[in-house]
Amino acid sequence: MLTHQIQNLPDRTRQSFLCQRNLYLSIPLFLLTLLSAGSVQATSDDLTLWFDHPGQNWESESLPIGNGALGATIQGGIQQDIIEFSEKTLWTGGPGSVEGYDFGLPDKQAGYPQKFREVQTALLERRSIKPETVAAKLGRNHPGYGSFQAFSEIVLTTDNKGLEQIKNYRRSLDLTSATASVSYMLDGVNYQRDYFVSYPDQVIVIKLSSDQPGKISFSADLRTADNRSQQKSIKDARITLKGALNDNQLKYETQMQLVQQNGTLDLSDDNQLQVSQADSVWLVVSAGTNYANRYPHYRGDDPHQTVSERVNNAVTTGYQQLLKRHLEDYQSLFERVTLNLDQQPSPLPTDTLLAQYRSDKNTAATDRALERLYFQYARYLLISSSRKGSLPANLQGAWNHYQQAPWSADYHVNINLQMNYWLAETTNLSETTSPLFDFIDSLQSPGKLAAQRIFGANGWTMLLNTNIWGFSGLIAWPTAFWQPEAAAWISQHYYQHYLFTGDQDFLLKRAYPIMRGAAQFWLDVLVWDKQIGKWVVAPSYSPEHGDFSVGAAMSQQILLNLFRTTLDAAQQAGDLPMVDKLADKLAELDPGLRIGSWGQLQEWQDDLDDQKSTHRHISHLFALHPSNQISPLETPALANAAVKTLNARGDGGTGWSQAWKINFWARLFDGNRAHKLLAELLDHNSLDNLWSNHPPFQIDGNFGSAAGIAEMLLQSQNHEIHLLPALPEAWPKGAVSGLKARGNVTVDITWQTGKLVEAKVQPMQSGQLRVRSNSFTQHSKVTTEQGQRITARLEDELITFKAEANQRYRITR
Ligand code: FUC
């Protein structure tokens, strides 16, 4: 439809129409008719990342598109456009790996429970042991761990010479439509390429077009890495590339079908599809493996049938319909949250905009445009890397360039996987948690073995890291390998999902079994510390910092959180024996909340904190965020101690570390400091494509910082909805809509001169609502949307009223 319209337009209009095409894709389809009839003036929006040159560097210049399972990166080369893509299930390692694979689990003969108890006893006496000593005893080699793999490259080669000859080059990613585009002019012809990855149709779609007939000539090929067997075949304009990884014989297959309008199609000498003088061409690509997330073999059906069907269906569906279905699906998620920071859209490419942000050359309003873009980009990235039916977002989301990715692009569970999902509920993308829960469910079998073989305990656990092969055991890295609290922590995500959605069925059927298993493990493993007369974790290791000790703060805080929430779930499930056990332990569990000699929150049971340490991990503030045992409103002394700790650690750190700090300062209601951390992150740990940088590229910084921005605008962890708890002076005026508070409440907020103007809250369940704002005055009131006044009590910045499900209430200052 679009192409047809373009071709009927006069030259100049046609050109600007092509430039605005991105914009068209960003607009709901029902509006397209209006727009094309010329009755609505399209204005440019700034939710676009763009470059004025092709990408050279995968890490810093890729524009990523994806559908949860598939992730592709757009570099937009002129002479050669190489679209790299990954599919989450293509991994080396695991069962069948040439290195051997044992899930990281020692066998019974290795006597690990005994070794574990020996370390425990020694620690209870000596209180501190060097990580290397513990690792020498409990660490293990972990052969066959594997790595996430780059899947394949779609290679489009033209005989255009390169950048010098072209004009108006633009490579962009429109977050409102999840489509990337490349456009340029060569010899008076405007060329356009569009790219998207469809979730409903599970394919990558690429379209090449121009504003003159017969101008599309190129060759198309599929290439893959050399660590696998390869069979390539071509039939009826379709390339099939398949084989198996050398390491583990995991089968892979990808198919690419080319559909062209006019022109000719040949097979080139080097076995590529050769298109000449077509009017337009679109390509559809599907990929899969015979992976299945089923312990212990992790193999399912040969991918051939699924991959073929997806390509066949997409071809039958047609380009316009694929695009329409993609937009409907994506926008139904993305459009739920809007953020306005009174920003000034910038005409600059994103890399320049970022550079000017760093050198203070932008106006404040333009800086806000970048900050808003960064927030929505994270939501975009989560939708693009975490959808039902595939695996969760890994350290690189869904994107990969390597055969051996940094940290295997795996699932680190001492902080990283958790923070990937902090924004899911608050920014109204609850559905994106589905792959996380499926994944954690699938870790139950190996997780139970980990509990038995390493600890001699019931329940389930895992340690620092896991892969797609059910790795639940040990590695040997002294300062990181010991993190058995991981399962307790990740199971809190199930409980949070219940709190945000109010879905009791989910709580009882899915959350509770996982939480119960995690709690069961700790009921067996906790040990009585005579020195303080409490139940403690030992050996305990505060993430990646210091020595092994007894009851480090984070260990205890996670367990406090686990036992409290599991107790609630057990009560709701009517599991009385479990209620009793948890209540008993809770009564004498050390909560891990101590204030030390320089006023800091102690990282360890003993007051050991080094005031000069700027270590990136600040896990002992777990109780402040993501948990809720510390709050300036309820526990001011502990909150002050957290401030001391954070000031000592400073505002530096890696990408994800700064993202943590945004959340911490937001929870401490210090909007200016949270904003400073956001600025630091953009200044020092963001790549030109706004991917977060550890370094290397690690997506947790994107996700974690967006979660922090949401926390600056809305919090709900303490049985009340807190409006604008940490609004920075840099954002004096703005509006946010569609954020979620616990209790399944949708919240819209408008503010001006740093003060709330009004909020709209819509609970999905009936009950009392407690809403806090420091802008409330004695004139503040609650009405229905129709203006009917609601009886409400106002005291101490808190409005309380009885709300009906689905009703939207307006609260004004
Ligand atoms: C944790 C962090 C590292 C890195 C790794 C993937 O171990 O301490 O900095 O983020 O995960």
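The space taken by the ligand is the largest cavity, a cavity being a set of points on a 1 Å grid over the protein atoms alone where a 1.4 Å probe fits but cannot get out.

Student: Hi! What kind of model is this?

Tutor: A predicted one, where local features need pLDDT of at least 70, side-chain atom pairs count only at pLDDT 80 or more, and totals for chains, interfaces and linings use all residues. Residues are numbered from 1 along each chain as its sequence is written, and side-chain values use heavy atoms, with hydrogens and water left out.

Student: How far is a ligand oxygen from an N or O in the side chain of Glu544?

Tutor: 2.3 Å. For the His617 side chain, the distance from a ligand oxygen to an N or O atom is 2.5 Å, and a polar side-chain atom of Gln698 lies 2.9 Å from a ligand oxygen. A polar contact is a pair of N or O atoms within 3.5 Å.

Student: And how much of the ligand's accessible area does the protein cover?

Tutor: 100% of the 290 Å² that the ligand has on its own, by the Shrake-Rupley method with a 1.4 Å probe.

Student: New topic: which peptide bond at Pro695 is cis?

Tutor: The one from His694 to Pro695, with omega near -15°. Another cis bond joins Pro695 and Pro696, with omega about 10°. Pro695 lies in the loop between α22 (671-684) and α23 (700-713); helices are DSSP runs (H or I, at least four residues) and strands too (E, at least two), numbered from the N terminus.

Student: What about phi of Tyr298?

Tutor: Phi of Tyr298 is near 60°, a positive value in a residue other than glycine. Most residues other than glycine have a negative phi. Tyr298 lies in the loop between β17 (280-289) and α8 (304-317).

Terms used:
Polar contact = N/O pair within 3.5 Å; in protein donor to acceptor, adjacent residues only side chain to side chain. 1 Å grid on protein atoms, 1.4 Å probe; cavity = no way out; pocket = protein on both sides within 12 Å on 5 of 7 lines; lining within 4 Å. Sits in = over half its atoms within 2 Å of the grid points.
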